[in-house]
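Subject: Structure handover and findings

Hello,

Here is the structure for your files. My notes on what turned up in it follow below.

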There are 2 protein chains.
Amino acid sequence: MATRTRRTERREEPLSRERIVEAAVDLLDTAGDGGLTFRALAQRLATGPGAIYWHVTGKDELLSAAADAVVAGAMTTVAADATPQQAIRVLALGLFDAIDDHPWVGPQLARSPRQSPMLWIFEQLGRQVQALGVPDAAQYTSASALMHYILGVSNQNAANARANQPLTDRTEFLRAVSAVWAELDPDEYPFTRNVAGHMREHDDREEFLAGVDLILAGIAALR
Amino acid sequence: MATRTRRTERREEPLSRERIVEAAVDLLDTAGDGGLTFRALAQRLATGPGAIYWHVTGKDELLSAAADAVVAGAMTTVAADATPQQAIRVLALGLFDAIDDHPWVGPQLARSPRQSPMLWIFEQLGRQVQALGVPDAAQYTSASALMHYILGVSNQNAANARANQPLTDRTEFLRAVSAVWAELDPDEYPFTRNVAGHMREHDDREEFLAGVDLILAGIAALR
DNA sequence: ACCTGAACACCGTTCAAGT
DNA sequence: ACCTGAACACCGTTCAAGT
């Protein structure tokens with residue numbers, strides 16, 4: 001008998017929801033927010049645009065599924081012996097990095113109709129809030145504050161990165177923002193001008209975690 | 001001489017950036033996120049689609065300008081004799097209501113290239129943070145936490161309202177969410193199930209303000 | 001059951017032509 | 001300077017026809 005090929009030849013694998021979503025994520029990462037097209041996706045999958053509709057109801061479901069996949073991947077590892085505070089920081093950084101890698105996820109999360117990825121994030125954060133010993137009546141508020149801060153900053157960061165692709169260096173980018181802010185009209189933007197200096201020596205992720213800690217301090221004050 | 005018409009006849013006013021943006025806001029409010037079309041907008045302005053391009057560079061600028069107009073309108077009134085805490089609550093509620101009235105603003109704010117409306121919100125909140133006596137190094141973090149929480153919850157609320165247009169009654173809607181959450185798999189969503197009950201008797205705007213106060217408590221802890 | 005790809009209705013944007 | 005509207009390139013989605 002002839003030797004079997006070691007790994008399956010990349011021959012015509014059948015189309016599947018999984019393969020479609022995977023290709024969609026790849027296309028979104030590569031070609032950006034407007035790059036996901038049924039025609040481009042079909043070409044990449046070596047088929048016609050109509051074929052995709054057999055596995056997926058439409059573009060909305062496709063985007064939802066793509067966001068689902070990214071968020072699920074970002075939330076896998078939660079160390080069992082971590083304190084709630086540590087676990088929250090790990091979750092926060094995981095989301096921050098995932099959204100940085102997949103900038104299209106942010107806008108999608110809010111629009112999602114069933115918004116299951118957000119519910120999952122809410123659940124994960126809420127468990128840690130519970131473990132912190134927050135009284136029942138304040139648990140919703142606490143988890144909500146953490147989630148919205150985390151997603152808001154992550155989105156903002158991703159949008160900035162997308163808008164300033166030329167400046168790949170992060171410190172260079174922050175320096176540029178700082179310079180723009182320092183030039184603002186002092187009568188209209190006194191505060192923003194004032195914090196412009198702080199921006200120059202500020203590390204995104206540390207700054208992000210400082211915000212998480214601020215909210216954790218607020219939560220602690222509730223006990 | 002014939003009597004003059006009391007108010008100017010709505011005859012062919014010349015096209016202007018202002019009229020275009022106004023019509024765009026109206027169209028977005030009426031027809032929803034996908035309702036803003038150059039053809040529909042041109043029809044409403046009794047002209048051709050090409051005419052709009054003389055006053056506006058494209059759809060992105062149009063959306064930015066529309067969001068700008070809404071945010072500017074929401075941030076006008078800040079009482080001079082209010083405490084910083086009160087001023088922050090007023091700003092927060094103003095944004096909450098504005099985004100509730102114009103649900104398309106949320107997604108737009110994040111995407112905005114120059115994102116000037118967000119900078120303006122940041123500035124307004126930051127001034128109050130400064131007035132609270134927060135040390136310089138923590139002012140950025142504090143204003144950022146407030147802004148992202150406020151915009152996140154407001155967007156979420158607007159997205160929910162848009163998704164559940166049939167249920168106009170708010171308490172009815174919350175009851176529905178509560179019922180769905182209570183039915184979640186206890187192994188996968190223990191926390192969310194647990195707070196489902198709290199949702200039934202929860203007032204959106206009060207809950208929203210509770211979150212603002214939580215962050216204010218965190219800010220106070222920094223002093 | 002699953003795929004193909006032409007066809008439909010619609011969109012943002014351009015541009016020669018008008019006033 | 002400002003407006004008109006046909007035309008272009010592209011999109012999501014459908015569907016008769018194939019295997």
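Is Asp213(A) buried, partly exposed or exposed? Asp213(A) is partly exposed, with a relative accessible area of 32%; here buried means under 20% relative accessible area, exposed means over 50%, and partly exposed is in between, with a 1.4 Å probe and protein chains only.

Before the rest, the ground rules. This is a predicted model, in which local features need pLDDT of at least 70 and side-chain atom pairs count only at pLDDT 80 or more, while totals for chains, interfaces and linings use all residues. Residues are numbered from 1 along each chain as its sequence is written, chains are lettered from A and ligands numbered from 1 in the order in which they are written, and side-chain values use heavy atoms, with hydrogens and water left out.

Salt bridges

Over all chains, the search gives 12 salt bridges, a salt bridge being a side-chain nitrogen of Lys or Arg within 4 Å of a carboxyl oxygen of Asp or Glu. One of them joins Asp213(A) to Arg89(A), at 2.9 Å from N to O. This pair links distant parts of the chain, 124 residues apart: Asp213(A) is in helix α11 of chain A and Arg89(A) in helix α5 (residues 84–101) of chain A. Helices are DSSP runs of H or I with at least four residues, strands are runs of E with at least two, and both are numbered from the N terminus. Arg89(A) is partly exposed at 27% relative accessibility.

In chain B, Asp213(B) forms a salt bridge with Arg89(B), and the closest N and O atoms are 2.9 Å apart. Asp213(B) lies in helix α11 (residues 204–220) of chain B and Arg89(B) in helix α5 (residues 84–101) of chain B, so the pair ties together parts that are 124 residues apart in sequence. Asp213(B) is partly exposed at 33%, and Arg89(B) is partly exposed at 27%.

Another salt bridge in chain B is formed by Arg44(B) and Asp26(B), at 2.8 Å from N to O. Arg44(B) sits in helix α2 of chain B and Asp26(B) in helix α1 (residues 17–31) of chain B, so this pair ties together parts 18 residues apart in sequence. Arg44(B) is partly exposed at 41%, as is Asp26(B) at 39%.

The interface

How many salt bridges are there between chain A and chain B? The count is 0.

On the side of chain A that touches chain B, α8(A) gives the most, with 16 residues. The residues of that side divide into 27 nonpolar, 17 polar and 6 charged. Nonpolar covers Ala, Val, Leu, Ile, Met, Phe, Trp, Tyr, Cys and Pro, charged covers Asp, Glu, Lys and Arg, and the others, Gly among them, count as polar.

The contact takes 50 residues from chain A and 50 residues from chain B, where contact means heavy atoms within 4.5 Å. About 4,200 Å² is buried between the two chains, and carbon and sulfur atoms give 64% of this area. Buried area is the accessible area (1.4 Å probe) that two parts lose on being put together, summed over both.

Inside chain A

Ser178(A) is in helix α9 of chain A and is buried, with a relative accessible area of 1%. Its side chain reaches the backbone oxygen of Ala196(A) at 2.8 Å. Not counting residues up to four places away in sequence, Ser178(A) touches Ala196(A), Gly197(A), Met199(A) and Arg200(A).

Asp204(A), in helix α11 of chain A, counts as buried at 13% relative accessibility. Leaving aside neighbours within four places in sequence, Asp204(A) is in contact with Phe96(A), Asn157(A), Arg170(A) and Leu174(A).

Regards

Definitions and conventions. A polar contact is a pair of N or O atoms within 3.5 Å; within protein, one must be able to donate a hydrogen and the other to accept it, and residues adjacent in sequence count only if both atoms are side-chain atoms.
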